[in-house]
Amino acid sequence: MAINQATATDAQQPVSAEQGAHLISLRDAGKRYGNILALQGVDMDVDPGRVTCVLGDNGAGKSTLIKIIAGRHEHTDGEFLIEGESVHLRSPREALERGIAAVYQDLAVVPLMPIWRNFFLGSELTKGFGPFKSLDVEQMKEITKKELLDMGIDLRDVDQPIGQLSGGERQCVAIARAVYFGAKALILDEPTAALGVKQSGVVLRYILAARDRGLGVIFITHNPHHAFPVGDSFLLLKRGKSIGYYDKADITLDELTAQMAGGAELEELAHELEQLGGYTQDIAVIREVEDDIPDVPAK
Ligand SMILES: Nc1ncnc2c1ncn2[C@@H]1O[C@H](COP(=O)(O)OP(=O)(O)OP(=O)(O)O)[C@@H](O)[C@H]1O
């Protein structure tokens, strides 16, 4: 199997603030918690209008990576650059001020509040002055409706409680919200992990919509079948280390799946089982389950 590992683009070139710099770059980046090395040697780039996928199993280091980029934990090794400037983010607010928004799996929504209220939560529009100041409900409803429609999300009624939406729809509202509030980079933390095939397809479509709006999207997932159709580049993590960084042109879905499943480990297991009494069929079944590709709706 020939896999061309992409050199982390321009990895060694000096990037001085600015022109031609990537929106986000990590160079040999890592994170230590005391003696524990949670993440090491990560090179990746995020660019406007592109989807960078981060794949890895449990404990691979995905959460640690998000925490660094979203400003929740400072990196301890290597470099983190935003538009060419080397940074150490100290809070999610700092990340937001630099245009990096994160949408987490357990979305912070108020289920009983209407969709429009959740859309503007913490950034409510007001009208009038002084004692006559009040929430501009009509405008907030109108903007919510328009922004959702612009992303291709047609919800009948923005007045309904957000808790009545499906998990996938809620993720989509969060994506539209980040786009409206001017995010340049959007981190999506396993947005399809808890969803069925159909809902996952819906979320994947909005990932592409955010990309088409010019955002640099970082899509965290453990599912290569979700990553491959929407991704432009793929960072593979395993036990806190980068095991590959590929451009789409340099890897196929089968190769990505094999890398994720630990192709070599599976072969070894097949060999061992065979010696124990020929259970190679079990391996075939494992592979079939892994090949269960969900439908991704056309853009
Ligand atoms: N605060 C911490 N202190 C010490 N070790 C940590 C801390 N956070 C993460 N780790 C360790 O770093 C490694 C990577 O963990 P991380 O949570 O980033 O993986 P993950 O890919 O997000 O896994 P999962 O999908 O299971 O959430 C693990 O070995 C974990 O035990």
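## Terms and model

Helices (H or I, at least four residues) and strands (E, at least two) are DSSP runs, numbered from the N terminus. Residues are numbered from 1 along each chain as its sequence is written. The model is predicted: local features need pLDDT of at least 70, side-chain atom pairs count only at pLDDT 80 or more, and totals for chains, interfaces and linings use all residues.

## Confidence

The predictor's confidence in each residue is called pLDDT and runs from 0 to 100. The protein has an average pLDDT of 83, with 80% of the residues at 70 or above. Strand 4 (residues 77-82) has the highest mean, 97, and helix 10 (residues 280-290) the lowest, 51. For the complex, the predictor gives an ipTM of 0.92 and a pTM of 0.79.

## Around the ligand

Helix 1 supplies 3 residues, the largest share of the shell around the ligand. Strand 2 (36-46) and helix 1 (62-69) each give at least two residues to this shell. Among the residues around the ligand are Y33, N58, K62 and G240.

## Helix 6

Helix 6 (residues 197-212) has 16 residues, so at 1.5 Å a residue it should span 22 Å; the end C-alpha atoms are 23 Å apart, which agrees. The expected span is 1.5 Å times one less than the number of residues.

Buried residues of helix 6 include V202, L204 and I207. A residue is buried if 20 or more other C-beta atoms, placed from the backbone, lie within 10 Å of its own. Just after helix 6, G214 has a positive phi of about 95°.

Notes: Near = placed C-beta within 6 Å. Buried ≥ 20, exposed ≤ 12 C-beta atoms within 10 Å, placed from the backbone.
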